[in-house]
Every structure is written in C-alpha cells, then in structure tokens.
Amino acid sequence: MTYPSSSPKVRIEFVALLAACALFLSTVEYLIPKPVPFMRIGLANLPLIIGLGLLTKREYILLALLKVLGQGLITGTIFSYIILFSIAGTFASTLLMYIVYRFFKQWVSLIGVSIAGAMASNVAQLTLSQYLLFGAAAKLIAPPFLVVGLISSIILGVFAQQFEQNSAWYRSLREGSL
Amino acid sequence: MKTANIRLAMGLLTLPAILLQKSFIGIILQALYVIVLAVSHGRRFRILPNLILLFSVSSAHLLQPHGLQLFSIGNFAITAGALVLGARKAFTLIALLYLSHYMVTARPNFPGKLGKLISLQFYYFERITTIWRTITPKRPFIKAIDNMLLQLSVGGKEPFSTQVKEKASVTSSARNIGKNTLHLIILWTLFVLGNLAIFPVI
C-alpha cells in the first residue's frame, strides 16, 4: 500500500516533504555527540525507511536523489568526492531496502530492513574508498566500519519501528485522513 | 550573469588544475588557497576532520612501501615515497572539498523540474525548522517529530505554485567576475609552477 492520494502534484510535494525531513534530521544528528568520531546513527535515512510503505518505486528513487543533492548543497560537498560516497551509499541502501521490503516484508521487520540498507551502504562506500582513498588498506577499516554500521542501523531500525507504530501522522497518512 | 553561476564556472574551470597537480608543494598551496577562499565566503573550517583525512590516507599508503625508507616499526617499513603520495592525495581531496564549499556559497539553482523540486525541498526544510522551534517539549523525540509533521501537514495546503517563490537572482558585477578570474589565474599558475618543477621537489 502506498500513500493514498492519487494526485501527482500532492504526491510529488509529499516526496519533497520527506526529503526536507531527511535534511532536518541530518542537522539534528549533527548536534548529537558521537561516542566514536565516524559513528553516525543515520537519522537522515529515517524518511527513506518510512517512505518504503508510502511511496512508489519512482518516488522512492526520487526521494533518495533529493536527499543526496539536498545534503550536498547544505554541507557544500556537492562538487567534491564526498558526494560520490553519499551517492554510492544512499543508492545501494535504497535499492536493497526496497527489495527487502517489497519481497520479504512478511519475514523482515523494519530493523532488518535498516540493517540490510546499512550493510549495502557500507559495502558500497568501502569499495569506493578502496579506489579513491585507501587502496588495499580499505580492508583494514572494513571490520570496525561494518560493526559500527550494524549497531547504528539496529538503533535506527528500532527508532523507525517505534515511529511507525506510534505516529499519528503516519497512521493518518495510511488511512487517507490527512 | 548570476554570482552563483560565476562561482560555479570558476570552480569547474579550476578542477583540472587541482586534479592534475603533480607537485606536493603545489597541491598544499592550492589547498590553502581554496580553504582561505571558502572561509572568506562564510564557510567553516574545522581542522580535525582534515587532519583525520590526512593521517588516515597517508597511513593507508604506507602499506605499499615506496621510495626511501625513513625508519621501520618491527618489520613495517615507513617510506618517504608512500607518505608523500598519501599526503598528496589527501591534500587533493581537501582542496576539492573546499573548492566545492566555495562553489555553493551563492546557492546555485538547478534548472528544470529537478531544480523546482529542490527548491520545494528547501521550502519545506525552512518550514520544518520554523515549526520545530515552537514545539515543546522536545522529549520524547518521536512524539515531537510526530507533532511537527502533523502541524506541517495541516498548515501545508497552499497550492504548489505559491509555495516556491523564485529567489531574486543576484546579478554578478564586473568586479565579482574579475575577482573570480583572478582566483582562477592564481590556481592555474600554482598548477603550472608545480608541474614545471619550479617548487622544491619533495
């Protein structure tokens, strides 16, 4: 089931709203102190997880694109190598999360979807870092990177699940009363 | 011509001068120049992420020994060539990052439908941050986010066309064009000086 409104204009605005939420959450995350320098919870991915139950495939890809471009513009990294990592990570996780949610949602919770997305994102970014930054040494940073990714994706998955269960906004959207 | 486009063009024309720089000193000077440029246009410079990048990329290159051996830690040889190669790559990435920061200081507009969508995204972003300030309490976080989204949805019924107002385009002055041309010339001069081995070779 997707977001009930069939008006293309309303639906596209809804995608822009979710993309804006991703930007907002990335600024919120910036304010949260990190126990490890490169550890991120990935709050900005929350709209991507929530969007799984609301958007069509095309709208979902558009949301991922807007998230990457918006973050690149806000942080000023849109014309730097960082955007390549952002594109690789976001699109790898978007693709895998969509597949997992679409075909295995009876067996996989949002926590599982979040873990799948984080692993896809981390593997894509590690592969890219092998070519752009670290060369063969990329395999040395892989274990801590993947462990941190696993922990943060579980936290995000729990958060997404809580949101889906308790949000009046989400419920209204699914019922078509908003 | 808009200021945003001038900076964008200047940045794009500078890219090869940074990417193809062979001199270590040359790339350090180019990196410093674009850092100053970005900071003088309001971007923040944080030393720690840059140091982490410099340290991690240089260390990673040490795994493949290259050039003069400086010393060794057990069986692990620390070579000058590998260190310089890693550091040069790190400075290239830092220079590209701050060039990108400078290029977006005047908030470039994307053309077409995608551009309109990005404008709409930023319109909603501004509304979200405005509404978020009025939300109390902000704990629990999920409840606060939910409240914010409900407020946004209730108040967000204006038609699409009235929501996104085109920003008044800032037209670039001749002085601005001149300044950017000067930056371009300086960065290309550093490239030429570096590639002609006029800077000391490390």
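A:G149 is buried, with 25 other C-beta atoms within 10 Å; a residue counts as buried if 20 or more other C-beta atoms lie within 10 Å of its own, as exposed if 12 or fewer do, and as partly exposed in between, with C-beta atoms placed from the backbone. The model is predicted: local features need pLDDT of at least 70, side-chain atom pairs count only at pLDDT 80 or more, and totals for chains, interfaces and linings use all residues. Residues are numbered from 1 along each chain as its sequence is written, while chains are lettered from A and ligands numbered from 1 in the order in which they are written.

**Two glycines of chain A**

- A:G149 is part of helix 6 (residues 138-166) of chain A; helices here are DSSP runs (H or I, at least four residues), numbered from the N terminus.
- Apart from neighbours within four places in sequence, A:G149 is in contact with A:A118, A:M119 and A:N122, where contact means that the C-beta atoms of two residues, placed from the backbone, lie within 7 Å.
- A:S121 is 28 residues from A:G149 in sequence, and their C-alpha atoms are 9.0 Å apart in space.
- A:G53 is found in the loop between helix 2 (46-51) and helix 3 (57-75) of chain A.
- A:G53 counts as partly exposed, with 16 C-beta neighbours inside 10 Å.
- From A:G53 to A:T94 there are 41 residues in sequence and 13 Å in space, C-alpha to C-alpha.

**Domains of chain B**

- Chain B is divided into domain 1 (3-109 + 171-195) and domain 2 (113-163), with bounds that come from an automatic or database domain assignment.
- The centres of domain 1 and domain 2 of chain B, taken over C-alpha atoms, are separated by 37 Å.

**Contact between the chains**

- Chain B contributes 30 residues to the contact, and chain A contributes 33 residues.
- On the side of chain B that touches chain A, at least two residues come from each of helix 3 (47-61), helix 4 (80-103), helix 5 (112-134) and helix 6 (141-155) of chain B.
- Helix 5 of chain B gives the most to that side, with 8 residues.
- The side of chain B that touches chain A has 20 nonpolar, 8 polar and 2 charged residues; Ala, Val, Leu, Ile, Met, Phe, Trp, Tyr, Cys and Pro count as nonpolar, Asp, Glu, Lys and Arg as charged, and the others, Gly among them, as polar.

**The largest nonpolar core**

- The largest nonpolar core has 88 residues, and those with the most contacts inside it are A:A20 and B:A95; such a core is a set of buried Ala, Val, Leu, Ile, Met, Phe, Trp, Tyr and Cys residues joined through C-beta atoms within 7 Å.
- Helix 1 (residues 8-31) of chain A gives the most to this core, with 12 residues.
- Domain 1 (3-109 + 171-195) and domain 2 (113-163) of chain B each supply at least three residues to this core.
- Not counting residues up to four places away in sequence, B:A95 touches B:I18, B:I27, B:Q30, B:A31 and B:V34.

- Helix 2 of chain B has 17 residues and reaches 24 Å from its first C-alpha to its last, close to the 24 Å expected at 1.5 Å a residue; the expected span is 1.5 Å times one less than the number of residues.
- Among the buried residues of helix 2 of chain B are B:I27, B:Q30, B:A31 and B:V34.
- The buried residues of helix 2 pack against helix 1, helix 4 and helix 8 of chain B.
- Just after helix 2 of chain B, B:G42 has a positive phi of about 95°.
- Helix 4 of chain B is mostly covered, with 18 of its 24 residues buried.
- The end C-alpha atoms of helix 4 of chain B are 34 Å apart, in agreement with the 34 Å that its 24 residues should span at 1.5 Å a residue.

**Helix 8 of chain B and the segment after it**

- Helix 8 (residues 174-195) of chain B has 22 residues and reaches 31 Å from its first C-alpha to its last, close to the 32 Å expected at 1.5 Å a residue.
- B:N180, B:L187, B:L190, B:F191 and B:G194 are buried in helix 8 of chain B.
- Seen down the axis of helix 8 of chain B, its buried residues fall within an arc of 105°, so they line one face of the helix; the arc is that of the directions from the helix axis to the C-beta atoms.
- These buried residues of helix 8 pack against helix 1 (3-19) and helix 2 (24-40) of chain B.
- On the other side of helix 8 of chain B, the exposed residues include B:A174, B:R175 and B:L182.
- B:A197 is in the segment after helix 8 of chain B, and its phi is near 60°, a positive value in a residue other than glycine.
- B:A197 counts as exposed, with 11 C-beta neighbours inside 10 Å.
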